[in-house]
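Try each task before reading its solution.

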Amino acid sequence: MSNVAKRQTSGLDKVLRVALYVCLLAMAAVYLAPFIVMLLTSLKDVEEIRSGTLLSLPGSIDFSAWSKAWSGACTGSQCEGMAPYFMNSFKIVIPAVAISTLLGAINGYVISHWKFRGSDFFFAALLVGCFIPFQVILLPMARTLGWLGIANTTTGLVLVHVVYGVAFTTLFFRNFYQSIPGELIKAARLDGAGFFTIFYRIILPVSTPIIVVTVIWQFTQIWNDFLFGVAFSGFDTQPVTVALNNLVNTSFGGKEYNVDMAAAIIAALPTLLVYVLAGKYFVRGLTAGAVKG
Amino acid sequence: MANLVIENVKKRYGQTEILKGINISIEAGEFLILVGPSGCGKSTLMNSIAGLEDVSEGRILIDNNDVTYSSPKDRDIAMVFQSYALYPNMTVAQNISFGLEMRKVPKDEREAEVQRVADMLQIGHLLKRKPAQLSGGQRQRVAMGRALARRPKMYLFDEPLSNLDAKLRVEMRTEIKKLHQKLGTTIVYVTHDQIEAMTLADRIAVMKDGEVQQLGTPQEIYDNPTNLFVAGFMGSPAMNFVPAKVVEQNGAFALELQASKPTVVPFPDQESLKPYLGKEILLGLRPEMITEPQPHKEGAEFVVTADIDVEVTEPMGADTMVLTRISEAEVNCRCNPVYPTKAGETIAMMLDTSKAVAFDKDTGERIDR
Amino acid sequence: MNKNAANAGSGATQAGRPARLSLADWMPKIVMAPTVVAAVVCIYGYMIWTAVLSFTNSRMLPSYKFVGLEQYERLFMNDRWIVALTNLGVFGGLFILICLFLGVMLAIFLDQKIRAEGAIRTIYLYPMAISFIVTGTAWKWLLNPTNGIEKMMIELGFEDFRFNWLSDPDMVVYCLVIAAVWQASGFVMALFLAGLRGVDGEMIKAAQLDGAGIITTYRRIILPSLKPVFFSALVILSHIAIKSFDLVAALTNGGPGYSSDLPANFMYAHAFTRSQIGLGAASAMVMLGCVLAILIPYLYSELRGERHE
Ligand SMILES: Nc1ncnc2c1ncn2[C@@H]1O[C@H](COP(=O)(O)OP(=O)(O)OP(=O)(O)O)[C@@H](O)[C@H]1O
Ligand SMILES: [Mg+2]
C-alpha cells in the first residue's frame with residue numbers, strides 16, 4: 001500500500017520535474033530571444049528585414065551593417081559611426097573607475113579602521129548619495145562644470161562619475177574591510193607601520209576580491225550611463241550610449257534596423273564580455289550593492 | 001627592559017567611563033597578569049599602554065619616560081593578540097621581520113634575527129609558509145616570534161593562549177615562563193585562566209568594572225584577598241563564603257556555623273571580630289581548608305572537626321570534591337579520594353580556620369588582616 | 001581641549017598633547033577630506049541648490065527671483081506632468097509586481113537542484129549587464145508595430161494578430177513595463193536565490209519532519225524568512241522605477257506625444273531642452289520626495305537591524 005503510494009508520487013514527481021525544466025528553458029528562451037533577434041537582424045540586409053520576420057534567418061552572413069555601425073552610420077549630424085564614441089566611453093570609464101575605486105578603498109579603510117569623531121555619521125550621509133535621484137543634482141552640476149571650464153568634456157564626465165560613484169565604492173570596501181580584524185591593524189601599528197604603509201602592505205594585498213567586484217560594478221554602471229552622458233557631454237565627447245540613441249533616432253532616408261542592431265550590440269559588448277568572463281563577481285557586486293544599498 | 005607606571009588612567013567612550021582611574025606600577029622585568037571578568041577593561045588598558053588608544057586622563061610612564069601622548073611605534077612595545085593578527089599575505093618570515101623592516105633594520109640583520117627567533121621557538125621549518133597554512137599552535141608561535149624579533153622594552157599579551165586546546169595551552173604556558181626567565185623583559189599579560197595567572201605572574205592585578213581591585217603576588221591574592229570579589233574570582237573551585245555569627249566563647253571571639261549541627265570555630269584575628277559581636281559576617285574558606293580528618297592536624301590550634309551532610313561528590317582524580325551546605329551556603333570541600341564519602345551520608349570533616357578570612361556582609365570588604 | 005590644558009598643567013614632565021598632533025594622526029581625516037567635501041557639496045549642497053531653484057522663476061538661466069510655490073503649482077497644473085506621474089504609478093506598480101513574481105518563481109524553480117543551473121542563471125541575468133539604451137533599442141525593434149512581433153505572428157498564421165502598443169498612447173506604457181521587466185527580473189531572481197541559499201537547512205528539515213509538503217514549506221517557512229530580501233528588492237525596484245529615464249528615451253522617447261513620459265524625462269526635457277529650469281527643479285524635488293518616502297523607512301529598519309546584530 002505504502003509502496004504504491006510511493007511509486008505514484010515518484011511518477012508524479014517525474015512529470016513535475018519535466019514541467020519544471022520545460023518552464024525554465026522556455027523562460028531562458030524568452031530572455032535570450034531579444035539578443036538573438038538583434039544578432040540575426042544585424043546580419044541581414046535591408047531587403048531581408050523588410051521581407052522576413054524577426055526570427056527568420058539571414059540568407060547570407062553579411063557584416064556590412066556592422067562595419068557601417070562601427071565607422072559610417074550617422075549619429076546626429078556626424079557620420080563616423082560608433083567608433084569615436086566607443087573610444088570616448090573608454091576615455092571616461094577608465095579614469096573614472098580607477099579613481100572612484102581608489103577613493104572608495106581608502107575611504108572604506110578609514111571608515112572601518114581609523115574611525116574618528118563623525119566618521120560613522122559621514123558614512124551614513126554618504127549612503128544617501130547612493131539613492132538620490134540624480135535629477136536633483138543635474139542643474140547645479142551643469143553650472144559647476146561650466147564654471148570649472150570642463151563642461152562638455154570627458155574630464156567633466158569623469159569628475160561626475162567619480163563624485164557619484166564614490167558612495168558605492170566606499171560602501172563596498174567598507175563592508176569588506178569591516179571583516180578584517182582590527183587587531184591586524186593594531187599589530188602593524190606596533191610594528192611601526194603608518195597609515196599608508198598598513199594600507200599598502202597589509203590591507204591592499206588581501207583586497208583583490210573586493211577590488212574586482214568594485215571595478216566590475218563601476219565599469220558596468222559608468223559604461224551604461226546615459227543620463228550624465230546626455231546632460232554633460234558635447235557633440236564629440238558623447239559616450240557610446242548617447243551616440244547609440246542618436247544613431248537610432250537619426251533618420252536620413254530609410255530606417256536601417258540592421259545598423260541599429262549592430263550598433264546596439266557594439267554598445268553592449270564590453271559589459272556583456274565582462275559579465276560572461278566574471279559573472280560571479282558581477283552578481284556579487286549586484287547583491288552587495290543591493291543588500292546594503 | 002623597562003618599568004611601567006600607570007597613574008590614574010581614565011578612559012571614556014562618550015559618556016561611559018571604561019577605565020576609572022587605574023594605578024599600577026611594576027618593576028623592570030616583572031611579569032604582571034591582568035585578570036577580571038569579561039568587559040572589565042583589560043584590553044582597553046592594554047591598548048592604552050600600547051598607545052593604540054588615547055587615554056582620557058592620567059599618565060603612562062615606560063622606563064621613566066612619559067609616553068602618554070607618544071605614538072605606538074615610539075613606545076617600543078610588542079603585543080601578542082588573542083587572534084594572533086598575523087599578516088595573511090606575508091610568509092612567516094616576512095611576518096616576523098616586518099617590524100624590523102619598518103624600523104629600517106638592514107636586510108642581513110633582519111634575516112639573522114628571523115633565524116634567531118625561529119630557532120628559539122622552533123619554527124624554522126615554517127618560515128616560508130603563509131599563516132593560513134599553519135595550525136593554531138604554530139600560528140601562536142609565529143605571533144610570539146613576531147613580538148620577540150624586535151627585542152622591545154616590553155611585551156603585552158592579550159589572552160595569547162585562549163584559542164589553543166588545553167594540552168597546547170599548558171605547553172605554551174611553560175614556554176612563555178621559560179622565555180621570560182631567559183629574556184627578563186617586562187611583560188603584561190591578560191588571561192582568563194586561573195592557573196596561567198597563578199603560575200606565570202610575579203604579580204597579579206585583579207580588575208572589575210574598570211578599577212583595580214587588588215594588586216599583589218599570586219600568593220597574596222590567593223591568601224589575602226582584599227574583598228569578596230577578589231576572593232571569589234581567584235581560585236578554582238572558588239572560595240566558600242559561609243555566613244557565620246560572631247559569638248564570645250571562653251573569653252575569645254569565635255564564629256558559629258550551622259553544619260550538620262551548630263558548630264563553633266575559632267578565628268585568628270580576634271580584634272577584627274570585636275565590632276561584629278552578635279552580628280553575622282561572611283567567613284571565607286578555601287575548599288582545601290575543609291578536608292577529611294587528618295590525624296597529624298588533630299588538636300592543632302585552629303582546627304575543628306564537625307559532621308556535615310554530603311550532597312554531591314565529584315571525583316577529580318587527585319582529589320574528590322564534596323559538596324555540602326553550611327549555614328545555608330553551598331560549600332566545596334577537597335577530600336582525599338580514599339576517604340569514603342557518599343551522597344546523602346553525614347560524615348566528619350576537619351575545618352582549618354588558621355588561614356580563613358572574614359568579610360563584612362554588606363560592603364564585601366575584608367574585616368581581618 | 002581644555003582637558004588637555006588641565007593635564008599639561010598637572011605635571012612638569014608632561015609631554016603634552018601637541019606631541020601627538022603629528023601629520024600621521026591627521027592622515028585619516030586628510031584622505032577622507034576630498035570625499036567629504038564632494039559629498040557635502042555635490043550631494044547636499046546641490047540638493048539645496050535645486051530646492052532653491054525650484055522656488056524661483058528661472059527659465060533659460062537660473063535667476064534668483066523667488067516666486068514661492070508657483071513652480072509647484074504650475075507643475076501640478078501641467079497635464080504632461082500628471083501624465084508622467086500617472087505613468088510612473090502604472091509603470092512602477094506593474095514593473096515591481098511582475099519582477100517580484102517572476103524573480104521569486106524563477107528563484108524557487110532554480111533552487112530544485114536543477115542541472116545546468118549556472119548556465120540558466122547566467123541567461124536570466126545577462127540583461128542586467130547591458131544599458132537601458134540597448135534594451136530600449138532592441139525592444140523598439142521587437143515591438144515595432146509593422147515589422148516586429150506582429151509580423152512574425154501573422155507569418156506564423158495568426159492573420160488577425162495585432163500588436164501595436166508602441167504606437168498606441170493608451171498602451172505604450174506597457175511596452176516600458178515589458179522591456180524593464182526583461183532587464184531587471186533576473187536580478188530579483190539572483191537576490192532571492194542568494195536568499196534561498198542562505199536559509200537554514202535544518203529549519204527546512206524540521207518542517208518536513210513535521211509533515212509539511214514542499215509547497216507548504218515554501219509558503220509558510222521559507223518565503224516568510226526572506227522578508228528582508230523582499231524588502232530590499234522592493235526598495236531597489238522602486239528606485240529603478242523612479243529613476244527610469246534612459247529606457248523611455250531609447251524605447252519611446254516619451255511618445256506618442258508625451259503619453260509615455262516619466263517624471264525623470266519630464267524633468268530633463270524642461271530643465272535642459274525647454275528652458276524651464278524652475279519647473280524642472282520643482283519636478284526634481286518631487287522625485288526626491290518620492291525616493292525619500294521609500295528610503296527613510298528602509299534605512300531606518302536597516303540601521304536598527306545592524307545594531308541588533
Ligand atoms: N570603541 C569602543 N566604544 C565604546 N565602548 C567600548 C569600545 N571598546 C570597548 N568598549 C567597551 O569597553 C568595555 C571594556 O572592553 P574591553 O575590551 O577592555 O574588555 P576586556 O576586559 O578586554 O574583556 P574580555 O575579557 O572579554 O576581552 C566593554 O564594556 C566594551 O563594551
Ligand atoms: Mg579583551
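Helix axes here are lines fitted to C-alpha atoms over the stretch in contact, and angles run from 0 to 180 degrees between N-to-C directions. Keep in mind that this is a predicted model.

**Exercise 1.** Work out how H5(C) and H8(C) are oriented to each other.

*Solution.* Start with the geometry: helix H5 (residues 117-125) of chain C packs on helix H8 (residues 172-198) of chain C at an angle of about 140°, with the axes 8 Å apart. Angles over 145 degrees count as roughly antiparallel and 65 to 115 as roughly perpendicular. H5(C) and H8(C) are therefore oblique to each other. Next, find the contact: H5(C) brings Glu117(C), Arg121(C), Tyr124(C) and Leu125(C), while residues from H8(C) include Phe187(C), Met189(C) and Leu193(C). Sorted by class, this contact holds six nonpolar, one polar and three charged residues.

**Exercise 2.** Find which residues touch the most other members of the largest nonpolar core.

*Solution.* This core has 238 residues, and the ones to pick are Tyr164(A), Leu34(B), Phe95(C) and Tyr124(C). By element, H8(C) gives the most, with 18 residues. Now look around Phe95(C): its contacts include Val177(C), Ala184(C) and Leu237(C).

**Exercise 3.** Decide whether strand E7 (residues 154-158) of chain B is enclosed, and find its partners.

*Solution.* Five of the five residues of E7(B) are buried, so this strand is largely enclosed by the rest of the structure. Met154(B), Leu156(B) and Asp158(B) point one way, Tyr155(B) and Phe157(B) the other. Phe157(B) is the bridge partner of Val80(B), and Ile187(B) that of Tyr155(B).

Methods: Residues are numbered from 1 along each chain as its sequence is written. Chains are lettered from A and ligands numbered from 1 in the order in which they are written. This is a predicted model: local features need pLDDT of at least 70, side-chain atom pairs count only at pLDDT 80 or more; totals for chains, interfaces and linings use all residues. Side-chain values use heavy atoms; hydrogens and water are left out. Helices (H or I, at least four residues) and strands (E, at least two) are DSSP runs, numbered from the N terminus. Angles under 35 degrees count as roughly parallel, over 145 as roughly antiparallel, 65 to 115 as roughly perpendicular and the rest as oblique. Contact means heavy atoms within 4.5 Å. Ala, Val, Leu, Ile, Met, Phe, Trp, Tyr, Cys and Pro count as nonpolar, Asp, Glu, Lys and Arg as charged, and the others, Gly among them, as polar. A nonpolar core is a set of buried Ala, Val, Leu, Ile, Met, Phe, Trp, Tyr and Cys residues joined through side-chain atoms within 4.5 Å. Buried means under 20% relative accessible area, exposed over 50%, partly exposed in between (1.4 Å probe, protein chains only). Two strands pair if DSSP finds at least two bridges between them. Lists of a residue's contacts leave out its neighbours within four places in sequence.
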